[in-house]
Amino acid sequence: MSLVKVKNLKISFKQYDNIVHAVRGISFEINQGESLGIVGESGSGKSVTFMTVMGLMNSPTSIVEADLIEIDGINVLDQSKENIKKIRGKIAAMVFQDSMTSFDPLHTIGYQIAETIITHKNIDKKEALKKAEHLLERVEIQNADKVLNYYPHQLSGGMLQRSMIAMALSCEPKLLIADEPTTALDVTVQAQILQLLTDIQQETNMSFVMITHDLGVIAETVDRVLVMYSGKIMENSNVFDIFNQPKHPYTKALIDSIPGREPGKKRLKEISKEDRDLWYAGT
Ligand SMILES: Nc1ncnc2c1ncn2[C@@H]1O[C@H](COP(=O)(O)OP(=O)(O)O)[C@@H](O)[C@H]1O
Ligand SMILES: [Mg+2]
């Protein structure tokens with residue numbers, strides 16, 4: 001069963017006299033329980049796509065068009081702002097790269113997670129704090145009872161990202177979207193957080209979207225991969241085929257750019273004009 005359906009989504013931005021076409025007619029579906037990687041270089045349209053799916057695209061210069069954006073049977077395009085808020089949290093939640101900006105510096109972590117729970121569930125403050133503590137334990141934070149009383153600036157980057165994941169999970173969403181959740185962290189912490197997200201996804205059977213510019217990051221964590229380039233979907237295949245039979249030169253370049261796969265090659269290869277013309281002709 002499809003939890004998310006997106007048909008012919010186009011996102012543009014007005015810029016002075018110009019229009020920037022950030023997303024140029026993409027369609028995809030996400031099944032219940034499926035984990036999907038969205039890969040593409042910076043600027044390819046990954047974040048704006050999922051901000052729009054979540055009803056978070058509120059830039060005054062944005063123009064969003066789509067035949068359909070549906071989450072759990074609800075057409076996102078038809079909903080009021082209030083309804084969209086309900087969808088967020090309860091049906092779908094998103095974790096961002098910079099978790100520091102997602103927390104209010106003036107309130108403790110426990111308070112903020114508890115408040116989110118209270119907004120969506122009819123329970124009292126004490127119960128909500130207990131639930132927040134369990135969530136912090138679930139994301140493997142040591143001394144969760146103490147951390148509840150910490151302010152965001154008292155936590156390390158990795159701990160903050162774990163707390164952000166706890167907050168996202170607090171309303172038991174059917175879909176979790178993680179937008180470059182580990183990019184700002186060092187490699188060891190990155191691996192731990194990815195493992196945590198994978199474990200939680202398998203345990204809860206929620207759908208999971210992992211957005212990254214680094215194909216290496218998702219190789220072992222997702223079922224299927226969408227490769228985006230310049231606002232289009234270049235490839236949509238299971239993760240095995242992406243690595244073993246990449247169809248597009250761009251996907252091959254992404255694979256070659258994974259550090260450690262081919263010694264010495266760390267940068268993305270430049271795409272030749274011929275290749276680019278070929279894709280546009282075919283898409
Ligand atoms: N608020 C905005 N105003 C103008 N252009 C934007 C805005 N947000 C994103 N863009 C542009 O849309 C394109 C896609 O951005 P984004 O989805 O953030 O890329 P990615 O997440 O793949 O790195 C980029 O060219 C970016 O500059
Ligand atoms: Mg992005």
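**Surroundings of ligand 1 and overall fold**

In this predicted model, ligand 1 is surrounded by F13, Q15, A22, E41, S42, G43, S44, G45, K46, S47, V48 and S59, where a residue counts as near a molecule if one of its heavy atoms lies within 4 Å of it. By class, this shell holds 3 nonpolar, 7 polar and 2 charged residues; Ala, Val, Leu, Ile, Met, Phe, Trp, Tyr, Cys and Pro count as nonpolar, Asp, Glu, Lys and Arg as charged, and the others, Gly among them, as polar.

Backbone N or O atoms approach oxygen atoms of ligand 1 at several residues, with a distance of 2.7 Å for G43, 3.1 Å for S44 and 2.9 Å for V48. On its own, ligand 1 has 560 Å² of accessible area, of which the protein covers 65%; accessible areas come from the Shrake-Rupley method with a 1.4 Å probe, and for residues only the protein chains shown count as cover. Two or more residues of the shell come from each of the elements β1 and α1 (46-53). The largest contribution, 3 residues, is that of α1. Helices (H or I, at least four residues) and strands (E, at least two) are DSSP runs numbered from the N terminus.

Strand β1 (residues 2-15) also contains S12. This residue counts as buried because its relative accessibility is 7%; buried means under 20% relative accessible area, exposed over 50%, and partly exposed in between (1.4 Å probe, protein chains only). The side chain of S12 makes a polar contact with the side chain of H21 at 3.3 Å. A polar contact is a pair of N or O atoms within 3.5 Å; within protein, one must be able to donate a hydrogen and the other to accept it, and residues adjacent in sequence count only if both atoms are side-chain atoms. Apart from neighbours within four places in sequence, S12 is in contact (heavy atoms within 4.5 Å) with I19, V20, H21, A22, T61, S62 and I63.

The protein chain has 11 helices and 11 strands. Its radius of gyration is 19 Å, close to the 19 Å that the globule rule gives for 283 residues, so the chain is as compact as a globular protein of that length. This radius is taken over C-alpha atoms, and the rule is 2.2 Å times the number of residues to the power 0.38. Of the 283 residues, 48% count as buried.

Residues are numbered from 1 along each chain as its sequence is written, while chains are lettered from A and ligands numbered from 1 in the order in which they are written. Local features need pLDDT of at least 70, side-chain atom pairs count only at pLDDT 80 or more, and totals for chains, interfaces and linings use all residues, while side-chain values use heavy atoms, with hydrogens and water left out.
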